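Welcome! Have a look at the structure below, and then we will walk through a few of its strands, a helix and a pocket together.

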Amino acid sequence: MKAHFIAIGGSVMHQLAIALLKKGYEITGSDDEILEPARTNLEQAGILPPKDGWFRDKLNGRINAVILGMHAKADNPELIRAKELDLPIFSFPEYIFEESKKKKRIVVGGSHGKTTTTAMIMHVLKEAGQEFDYLVGARLEGFDQSVRITNAPLIVCEGDEYPASVLEKRPKFHFLFPHVAILTGIAWDHINVFPTFDSYLQQFKIFIDKIQAGGCLIYNETDPVLVKLVKEHPGKVEKIAYGLPSHEIKNGKTILRIEGVEGELQVFGNHNLLNLQAAFLACKQVGIDAKAFINAMSTFKGASKRLELLARNASTNVYRDFAHAPSKVKATMDAVKQQFPSRKLIAALELHTYSSLNEQFMEQYKGAMEAADAAAVFFSEHALELKRLPQLPKEKVADGFGKDGLKVFNKKEELEDWLVSQSYDDANLLLMSSGNYDGIDVTTFAHQITNT
């Protein structure tokens with residue numbers, strides 16, 4: 001097999017390229033810019049393109065599959081050449097399905113918790129010694145890559161609702177056709193693609209349609225929007241509802257109970273407990289019992305940037321989280337406050353996505369940061385320029401969140417000064433962003449305030 005990647009430098013594109021290389025395929029690719037860590041990863045694998053740019057002569061009739069990344073535009077010269085040669089062109093998820101047609105497929109969808117739930121399932125399967133492939137959107141401890149494609153009989157996929165490619169505008173998770181599907185919840189996001197909530201909701205209805213005959217849907221019964229969608233959906237697949245598992249919090253540690261089995265967790269928060277219960281129900285579908293599941297979950301530390309503990313001392317914990325959408329921000333804030341109710345919670349959120357930087361979307365954040373004792377929202381004017389968005393007035397941000405005492409900054413120096421001015425004795429700091437606060441080194445800062 002010979003596969004060519006257009007936009008090979010993408011965060012998951014380059015991982016798939018390396019996975020297929022390991023499977024024995026001949027791999028070529030191109031990109032106009034390849035950043036770290038993709039550049040080093042591709043170089044170490046021996047498939048880094050010798051020059052940046054697009055080259056029509058890389059395409060020829062011997063290529064069995066052209067895999068098209070989201071970064072590629074419709075006028076890409078290599079894409080045009082592939083069409084001229086009538087080569088098979090796949091978006092990333094279409095090709096994942098192509099490689100997994102004979103596998104049992106577990107697909108995790110939803111507006112939040114996808115990566116963590118997928119990571120939990122992967123961790124348990126690995127601990128149980130099962131052979132499986134996977135696709136996940138973050139770096140996970142114990143896994144060399146975020147994509148694995150072999151001849152394993154099972155694949156676990158994080159199912160994203162964002163469009164598959166410039167040619168295929170339908171969401172990625174519409175192409176994975178699960179036997180075991182999970183929906184963690186529905187909260188409007190990606191307003192640049194889905195301008196109304198109804199158009200966004202429709203994508204999840206279609207996802208349920210894609211579940212294979214004899215399959216099952218595992219869904220979050222604490223989400224009223226999702227419950228209504230599932231009850232009204234005419235599909236005949238088995239529907240399995242889940243809620244919070246039995247648990248208690250002792251001295252900042254969460255003790256979990258499932259089917260009479262008890263164990264201590266390293267992760268915490270209601271959102272993580274819901275993710276965990278969904279993961280358990282999925283693992284049951286492939287023969288994992290409660291004892292094996294809890295034994296495995298006792299060593300699960302979470303996915304990168306998902307309530308990731310950056311530093312701690314006796315009176316302060318500093319967490320980093322990928323949260324950016326309103327539901328994710330609220331769930332993450334509530335989790336830290338519930339786990340440490342007597343500690344002050346200091347929270348800084350960066351607005352970095354298209355939706356979060358849109359003035360019309362700001363009211364969706366109402367109440368999202370109420371759990372914080374001191375709160376700041378930051379957005380970069382550079383991010384607005386890159387996304388070609390108009391200026392975002394600070395007062396509109398403050399009005400949207402509706403939180404007394406909220407600080408709003410659009411210069412990183414202002415945010416740095418605010419962070420330095422806080423008292424961190426008997427307090428937790430929560431840093432939430434899908435970006436990097438315009439270049440602030442949050443890891444170094446975390447160690448500075450904890451003296452570690």
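Two strands pair if DSSP finds at least two bridges between them. Helices (H or I, at least four residues) and strands (E, at least two) are DSSP runs, numbered from the N terminus. This is a predicted model, in which local features need pLDDT of at least 70, side-chain atom pairs count only at pLDDT 80 or more, and totals for chains, interfaces and linings use all residues. Residues are numbered from 1 along each chain as its sequence is written, and side-chain values use heavy atoms, with hydrogens and water left out.

| Strand pair | Sense | Bridges | A bridge partner pair |
|---|---|---|---|
| β17 and β20 | parallel | six bridges | Lys344 and Ala427 |
| β12 and β13 | antiparallel | five bridges | Ile249 and Thr254 |

β12 and β13 form a hairpin with two residues between the strands, and there Asn251 takes a positive phi near 55°.

How many of the residues of β20 are buried? Six of the six are, so β20 is largely enclosed by the rest of the structure. Here buried means under 20% relative accessible area and exposed over 50%, with partly exposed in between (1.4 Å probe, protein chains only). In a regular strand the side chains alternate between the two faces of the sheet. Ala427, Leu429 and Leu431 are buried on one side of β20, and Asn428, Leu430 and Met432 on the other.

Next comes helix α13, residues 412-421, whose buried residues are Leu415, Trp418 and Leu419. These three cover an arc of only 100° around the axis (taken from the directions from the helix axis to the C-beta atoms), which puts them on the same side of α13. An α-helix has 3.6 residues a turn, so residues three or four places apart point the same way. On the other side of α13, Asp417, Val420 and Ser421 are exposed.

A pocket is an open set of points on a 1 Å grid over the protein atoms alone, where a 1.4 Å probe fits, with protein on both sides within 12 Å along at least five of seven lines; lining residues have an atom within 4 Å of a point. The second largest pocket is lined by 26 residues, and Gln266, Lys301, Leu307, Leu309 and Tyr319 lie nearest its centre. β13, β15 and β16 each give two or more residues to this lining, with the largest share, three residues, coming from β15.
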